[in-house]
Amino acid sequence: MATYHIETYGCTSNRGESRRIERSLRDAGHRPVEGTAEADVAILNTCTVVEKTERNMLRRAEELESETADLIVTGCMALAQGEAFADLDVQVLHWEDVPSAVTNGECPTTTPDAEPILDGVVGILPIARGCMSNCSYCITKFATGRVDSPTIEANVEKARALVHAGAKEIRVTGQDTGVYGWDTGERKLPELLDRICDIDGEFRVRLGMANPGGIHGIHEELADVFADNRKLYDFIHAPVQSGSDEVLEAMRRQHRVGKFREVVDTFEGRLDHWTLSTDFIVGFPTETEADFERSMALLADVRPEKINVTRFSKRPGTDAAEMKGLGGTIKKERSKAMSELKREICTETHASMVGETHEVLAVEPGTGDSIKCRDEAYRQVIVTDAAERGVEVGDLLEVEVTAHEAMYCFGEPI
Ligand code: SF4
């Protein structure tokens, strides 16, 4: 769990992006702080309207770089003129990539008394708190402790209440959803998902982060539940973090590359159109050039549809913080190389969808008069001119995918 300071410049659209970033960070348990003194990470959401603004943005980035351990630069100037920040030790990222970079490879934090929340048509359902791991880079585990799982009945009741309150998408969350039930000796995530999907009503369910080590023991049963339930988005988020078993050992992850591949192969065998989301930490203190090449090779081979790349940074009080770190330049170069490969893979994913027809759920307003929708595999499809086309948040509709960007598609209602 990190503390963050965010500064936003420019138009209302940019402010909207900052609000979305803040919402994701809060959902993941991170805490905002005023000013940079207490912040683990500073986020500068830039604008690039006139030359004077650009000089101000660069000057502010220099100040923030010297005041905080980590600086992320996002926004219009970062996207249009990212090279302007090349001399600074900063991460230049698209808005969508900011939350995972702040998260630093740690799991989302669910508070001990977490209750379901309805945000628009999205219901957030924390099914448990805590994890069964002891990752060497993680500070979150100190706050949340070992896994503590309420019963299936208790969670289904909460899900039912969300559906009755108007939820069209239920996000099943937890530190590590894959270990739900381990504390009581029963691996019941597949049964829980089945039971939630059985609730009357038209809605979709998205399973949140599940570590490969946790889901490996139930991956076949879990893949069957995905194949059998159309309400369940065909989407798993299984963070591998490295393609090197030696680095995974130093990270004290509970899986090795082989287990991750087995999980992926099982889902690949059961589902046609699905999304694998995974995370990589680059620049971990023990990561050699050969280890990094193994991560790049794994990414190039598995080609996940969604990829989060995090440049390693130290969290106070963790064992990894005591390790001798790699230089900023090495971390920056590796992060850049992996981000370029990520972009190539994501572009390929979305380009391949053009011309296809998908059923999508309109989940939240986008920029201008657009609406962000999710297809059966939780891939993002934007419908523009939504009001003119009579599309509202909460609608389920068929679209034809007509165009794409690197990270999403555009769809025309049929
Ligand atoms: S699984 Fe690892 S990264 Fe996630 S909360 Fe537990 S110790 Fe932290």
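This is a predicted model: local features need pLDDT of at least 70, side-chain atom pairs count only at pLDDT 80 or more; totals for chains, interfaces and linings use all residues.

**The four-stranded sheet**

Let me start with an open sheet of four strands, ordered β6-β7-β8-β9, with mixed pairing. At its edges are β6 (117-119) and β9 (204-207), each of which pairs on one side only. On average, and ignoring direction, neighbouring strands of this sheet are turned by 25° against each other. Helix α7, residues 189-197, packs on the sheet and touches β7 (122-126), β8 and β9. The direction of α7 makes about 160° with that of β9.

Now to β8 and β9. The two run parallel and are joined by four bridges. I170 stands opposite V205 in β9.

Next, R171, which lies in strand β8, residues 169-173. Is R171 buried or exposed? Its relative accessible area is 17%, and the cut-off for buried is under 20%, so R171 counts as buried. Leaving aside neighbours within four places in sequence, R171 is in contact with V122, G123, I124, L125, R206, V363 and Y378. With Y378 there is also a polar contact between the side chains, at 3.5 Å.

That brings in another part of the chain. An unreviewed UniProt entry annotates residues 351-414 as "domain: TRAM". Over residues 351-414 the chain is 48% strand and 8% helix, and the end C-alpha atoms are 19 Å apart.

Last, the core. The largest nonpolar core has 67 residues, and those with the most contacts inside it include V172, L193 and F226. Not counting residues up to four places away in sequence, F226 touches several residues, among them L193, L207, I236 and F267.

Methods:
Residues are numbered from 1 along each chain as its sequence is written. Side-chain values use heavy atoms; hydrogens and water are left out. UniProt positions are given in the numbering used here, feature names are shortened, and annotations may be inferred rather than shown by experiment. Buried means under 20% relative accessible area, exposed over 50%, partly exposed in between (1.4 Å probe, protein chains only). A polar contact is a pair of N or O atoms within 3.5 Å; within protein, one must be able to donate a hydrogen and the other to accept it, and residues adjacent in sequence count only if both atoms are side-chain atoms. Contact means heavy atoms within 4.5 Å. A nonpolar core is a set of buried Ala, Val, Leu, Ile, Met, Phe, Trp, Tyr and Cys residues joined through side-chain atoms within 4.5 Å. Two strands pair if DSSP finds at least two bridges between them. Axes are lines fitted to C-alpha atoms, for helices over the stretch in contact, and angles run from 0 to 180 degrees between N-to-C directions.
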